[in-house]
Amino acid sequence: MRFLRYSLPLALALSLIGLANPGDVAAQPSLRVGGGISSPNGDMGDLLESGYHGRAMGQLGIPVFPVSLRAEGAFHRFNAVTGGGTMSQRNGALSAVLSLGGLGIGPYFFGGIGKYRQDFSSEFALGDAVTESGIHAGFGVEAGI
């Protein structure tokens, strides 16, 4: 029974790696940047106006290997609805990315660790700066052009 408990997750992980098509995996380094409008909702939407954000991501793979390394960072800034002041958020994350290949469209899984920081200006009396560590995971689809 012990063998079965450990062999099933291992077989699943190996079969996912086996689905990847190493010939299609992009091993070239990539840099992506983005930005736009951030719109708080819920309780944060009552305290903050819409703001802006910017982000950057770099990814590096190894030829003929379906796993690559991704580093990313983001910055968000919001103004208070009343009383002046600002709130900003900064985060950085390091992830492993498993690409499953595909013809033009390639699904991938990712997961890793990150640091997340929230700062308030002195006019915005919500508290002191807070920095937390966290883990993340997800699924995505990449379309080649």
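## A first look at this predicted chain

Of the 145 residues in the chain, 26% count as buried, where buried means under 20% relative accessible area, exposed means over 50%, and partly exposed lies in between (1.4 Å probe, protein chains only). This is a predicted model, in which local features need pLDDT of at least 70 and side-chain atom pairs count only at pLDDT 80 or more, while totals for chains, interfaces and linings use all residues. Residues are numbered from 1 along each chain as its sequence is written, and side-chain values use heavy atoms, with hydrogens and water left out.

**Overall layout**

- The chain holds 2 helices and 6 strands; these are DSSP runs numbered from the N terminus, with helices being H or I of at least four residues and strands being E of at least two.
- Among contacts with a separation of 6 or more, 51% join residues 24 or more positions apart, a contact being heavy atoms within 4.5 Å.
- The accessible surface of the chain is about 9,600 Å², and 64% of that surface belongs to carbon and sulfur atoms; such areas come from the Shrake-Rupley method with a 1.4 Å probe, and for residues only the protein chains shown count as cover.

**Salt bridges**

- The chain has 4 salt bridges, each defined as a side-chain nitrogen of Lys or Arg within 4 Å of a carboxyl oxygen of Asp or Glu.
- One of them pairs Glu142 with Arg32, with 2.5 Å between the closest N and O atoms.
- This pair links distant parts of the chain, since Glu142 sits in strand E6 (residues 130-143) and Arg32 in strand E1 (residues 30-38), 110 residues apart.
- Glu142 is partly exposed at 39% relative accessibility, and Arg32 is also partly exposed, at 35%.
- Another salt bridge brings together the side chains of Arg90 and Asp119, at 2.7 Å from N to O.
- Here too, distant parts of the chain are linked: Arg90 belongs to strand E4 (residues 86-99) and Asp119 to strand E5 (residues 105-120), 29 residues apart.
- Arg90 is partly exposed, with 37% relative accessible area, whereas Asp119 counts as buried at 14%.
- Asp119 also forms a salt bridge with Arg117, their closest N and O atoms lying 3.1 Å apart.
- Through shared partners, Arg90, Arg117 and Asp119 are joined into one network of salt bridges.
- Arg117 itself is partly exposed, its relative accessible area being 32%.

**Aromatic rings**

- The whole structure contains 3 aromatic pairs; rings of Phe, Tyr and Trp (its six-membered ring) pair if their centres lie within 6.5 Å, and planes under 30 degrees apart count as stacked, over 60 as edge-to-face and the rest as tilted.
- Tyr108 and Phe110 make a tilted pair, because their ring planes stand at 40°, with centres 6.1 Å apart.
- Tyr108 counts as buried at 16% relative accessibility, while Phe110 is partly exposed at 22%.
- Phe109 and Phe139 form a tilted pair as well, with 5.1 Å from centre to centre and 55° between the planes.
- That pair links distant parts of the chain, with Phe109 in strand E5 and Phe139 in strand E6, 30 residues apart.
- Phe109 is partly exposed, with a relative accessible area of 34%.

**A charge over a ring**

- Arg70 lies over the face of Phe110, 5.5 Å from the ring centre; a charge sits over a ring if NZ of Lys or CZ of Arg is within 6 Å of the ring centre and within 35 degrees of the ring normal.
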